[in-house]
Amino acid sequence: MPTPPGPSSEQSRDAASDPAGDGVRWAVFGGLLVPAVLVVYGTSVGNATVSALGLASVTAVCRLLLRRSERATLRAPEGAQRSGR
């Protein structure tokens with residue numbers, strides 16, 4: 001039986017087991033939800049926008065650090081021990 005076109009089960013497993021990506025998706029959701037709730041409860045649109053920009057910048061920095069950590073973990077030799085500080 002031919003395999004249907006599309007992502008392989010291995011690719012979908014990799015996407016499903018991406019905790020950093022899950023965290024970033026939730027952060028983006030919160031970054032969109034918080035300003036909306038602030039506006040609904042009477043905060044000015046300007047203050048809500050500043051909140052959204054702050055949350056977006058924190059999310060971007062966290063995503064950068066998570067990806068950097070993942071790359072460093074993947075690059076480390078299998079049996080290498082990490083030195084403590």
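This is a predicted model: local features need pLDDT of at least 70, side-chain atom pairs count only at pLDDT 80 or more; totals for chains, interfaces and linings use all residues.

Colleague: What makes up the secondary structure of the protein?

Modeller: Three helices and zero strands, running α-α-α from the N terminus on. Both kinds of element are DSSP runs numbered from the N terminus: helices are H or I with at least four residues, strands are E with at least two.

Colleague: Why is helix 2 called roughly antiparallel to helix 3?

Modeller: The two pack at an angle of about 175°, with their axes 9 Å apart. That angle makes helix 2 roughly antiparallel to helix 3. Angles under 35 degrees count as roughly parallel, over 145 as roughly antiparallel, 65 to 115 as roughly perpendicular and the rest as oblique. The axes are lines fitted to C-alpha atoms, for helices over the stretch in contact, and angles run from 0 to 180 degrees between N-to-C directions.

Colleague: Which residues meet there?

Modeller: Among them, Val 24, Val 28 and Leu 38 in helix 2, and Ala 48, Leu 55 and Leu 66 in helix 3. Contact means heavy atoms within 4.5 Å.

Colleague: Why does Val 40 count as exposed?

Modeller: Val 40, in helix 2 (residues 19–40), has 67% relative accessibility, so Val 40 counts as exposed. Buried means under 20% relative accessible area, exposed over 50%, partly exposed in between (1.4 Å probe, protein chains only). Val 45, in helix 3 (residues 45–75), counts as exposed too, at 56%. Of the 85 residues of the protein, 9% count as buried.

Colleague: How do you know that Asp 22 and Arg 25 meet in a salt bridge?

Modeller: Their side chains come to 2.6 Å, N to O. The rule asks for a side-chain nitrogen of Lys or Arg within 4 Å of a carboxyl oxygen of Asp or Glu, so this pair qualifies. Being three residues apart in helix 2, Asp 22 and Arg 25 are separated by about one helical turn.

Colleague: And what makes Arg 67 and Glu 70 a salt bridge?

Modeller: Their closest N and O atoms are 3.1 Å apart, so the pair passes the 4 Å limit. Arg 67 is partly exposed, at 22%, and so is Glu 70, at 28%.

Conventions
Residues are numbered from 1 along each chain as its sequence is written. Side-chain values use heavy atoms; hydrogens and water are left out.
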